[in-house]
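Dear colleague,

Please find the structure below. My notes on its two ligand surroundings and one annotated site follow.

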Amino acid sequence: MGLHCPAFYDEAVIRRPPVLCTLKKYPTLFFILFPAMKILTAAQIRQLDYATVSEQGLSSVELMERAATAFTKWLRRRWSTSQVPEVLVLAGPGNNGGDGLAIARLLYQDGYPVRVGLLPAASYSADYLHNRAHLPKGVPVHEIGATPLELKPNGLVVDALFGTGLSRPLAEEAAAVVAQLNEARARVVAVDLPSGLLADSPQPADSPIVQASYTVSFGLPKLAFFLPQHAAFVGEWHVEDIGLSAAFIADAEASWFFTDASAAQGLLPARPPYAHKGTFGHALLLAGSRGKIGAALLATQACLRTGVGLLTVRVPGCGYEILQTAAPEAMCLADAHPDYLSELPDLSPYQAVGMGPGLGQQPASRGVLQQLLEEAANTSGQPLPLVLDADALNLLGQHRELLAQLPPDTVLTPHPKEFERLTERARDDYHRLELLQAFAREHRCYVVLKGAYSCLATPQGELHFNCTGNPGMATGGSGDVLTGLLTALRADVRLTAFAAVQLGVYAHGRAGDLAAQESGEPGLIASDIIRYIGPALRELTAAREF
Ligand SMILES: NC(=O)C1=CN([C@@H]2O[C@H](COP(=O)(O)OP(=O)(O)OC[C@H]3O[C@@H](n4cnc5c(N)ncnc54)[C@H](OP(=O)(O)O)[C@@H]3O)[C@@H](O)[C@H]2O)[C@@H](O)CC1
Ligand SMILES: Nc1ncnc2c1ncn2[C@@H]1O[C@H](COP(=O)(O)OP(=O)(O)O)[C@@H](O)[C@H]1O
Ligand SMILES: [K+]
């Protein structure tokens, strides 16, 4: 999906049976749910191909036909024959090109005006040759690479040059074709992957890569789709089910995952009928400084709306009346200092503490953070769950010696800039993921790297990409809402740390999506997200068991 692409907020998605799921903004497309929503490497995807063929007694050409049929159905749903003056299918020499030739045949049979451009190569895959031989005679075919592409205005280009078999950057004829497509700003639909893009690993910054408007992929999303640096190449992405081996996917080793509706559904236990407020925990928020009490208030309201049993908020003196007036459900402890936090209250009543929104970076507030880390680690039994955000992270970045004191399972929610302050400047998005994985492992914490596909790193080194949220949430205060939400879920002792963070990040994005249905993306403000936390959590709550 491209960061620029229109969001799609469809409440119906979560009402689908759990076996079907959908990705983020494209609930029109769904695929079979595998137990853990894994993202496989290109090498594993090749093995998956073989496993599917042998398990289901298929020929590889039959699997290719499934892929081509799925792609063609997708295209037909989007554009009718009368809406496109021409579909130019560009086919490379491997199975991606084979898919393209099968797609050209199917589209031609459906009545689309199809033309095929073949990229010459020293050798071709067997399934490519099969589909080349079965291309109907009525489809005009010509070579591409040496001569300029002739692109019809408003025509569609199907990019089937290279997919997961790409082994090196594109050069010569292939690079020339990509340059022409990109220069012409052609409307390109990529088959499986935009040609020239590696599925799961870094490549030189100047690699020729097709800038697709849409990418229609098969079975599972590729890691490359989740990285902001690829938004201009991948465009709006979709994954189509082609019945790949569920058994192979279930057994495959993976450290990359994605959280979609099916993965998040049921993560929140229903409230027991005889519950009392103690059942859901007492949370403490340490937030706000003069001029930024709003951040504390947003976190407060989000924490309340997430269902915390009791909430106490510690704000500087200037925030006391604001908090008491705007959030009567919360208790308020005013700090002795009027402008910023200078003292840590007694932690014994609390099941979780959130710190950071609007905090400021005063030395006294750093002292509060330091004391919090020490006391949270030294509580009897399990360490006190912490959620650290915003200026709490910036203070950690300035005093990295404090990182060694993070209690295990602490949750950190940096945006990329804050994460950089905790580690180092990342060369690219892949390097940032490496830093993220290493940081979460070393400090035995959960880190939510916030963005379009927020990435949750676990102490075990897993990376989970979240599939909810929209660009309307790129507005001040959205992160404060997440802090409040996560603090409430960490105070709920019924949830593991992982479930609380995975659920919280998903629900935050889902609340933003529901809010955007009402307000539109530009009109969305952080308070709107808070109003939809309840409806988002209702969707995700497990059935009550007696
Ligand atoms: N698994 C699945 O789920 C399914 C997969 N399917 C489809 O198969 C696709 C993968 O097909 P694939 O393995 O044949 O690889 P593909 O991308 O066509 O390229 C390989 C060819 O390109 C060549 N080549 C490589 N790099 C190059 C370069 N830079 N410049 C020039 N040449 C280069 C390479 O040559 P070599 O590296 O050996 O020199 C070889 O000839 C996958 O993306 C999907 O579309 C579906 O049909 C069914 C379900
Ligand atoms: N384009 C986007 N798509 C999805 N979610 C987004 C997008 N932009 C921002 N968000 C979400 O909004 C929140 C912004 O947090 P943050 O940058 O800390 O904002 P602030 O500090 O202003 O509260 C994060 O949870 C992030 O994942
Ligand atoms: K392609």
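In the class counts used here, Ala, Val, Leu, Ile, Met, Phe, Trp, Tyr, Cys and Pro are nonpolar, Asp, Glu, Lys and Arg are charged, and the others, Gly among them, are polar. By that scheme, the shell around ligand 1 holds 15 nonpolar, 11 polar and five charged residues. Please note that this is a predicted model.

Ligand 1 has 31 residues around it, of which Gly 94, Asn 95, Asn 96, Gly 163 and Gly 165 come nearest. Two or more residues each are given to this shell by helix 1 (42-56), helix 2 (60-78) and helix 3 (95-109).

Ligand 2 has 20 residues around it, and Gly 469, Met 473, Ala 474, Ser 478 and Gly 479 come nearest. Helix 15 (478-491) and helix 16 (497-519) each give two or more residues to the shell, with helix 15 providing the largest share, four residues. The shell around ligand 2 divides into seven nonpolar, 11 polar and two charged residues.

An unreviewed UniProt entry places the feature "binding site" at Asn 96, Asp 159 and Ser 195. These positions span 100 residues in sequence, but no two of their C-alpha atoms are more than 9.3 Å apart, so they gather at one spot.

Asp 159 is in strand 6 (residues 156-160). It counts as buried because it has 31 C-beta neighbours inside 10 Å. Ser 195 is in the loop between strand 7 (187-191) and strand 8 (214-218), and Ser 195 also counts as buried, with 29 such neighbours inside 10 Å. Asp 159 touches Ser 195, and its other contacts include Leu 90 and Val 210. Among the contacts of Ser 195 are Gly 92, Phe 162 and Val 210.

Regards

Terms used
Residues numbered from 1 in each chain as written. Chains lettered and ligands numbered in written order. Predicted model: local features only at pLDDT ≥ 70, side-chain atom pairs only at ≥ 80, totals over all residues. Near = placed C-beta within 6 Å. UniProt positions renumbered as here; feature names shortened; annotations may be inferred. Buried ≥ 20, exposed ≤ 12 C-beta atoms within 10 Å, placed from the backbone. Contact = placed C-beta atoms within 7 Å. Lists of a residue's contacts leave out its neighbours within four places in sequence.
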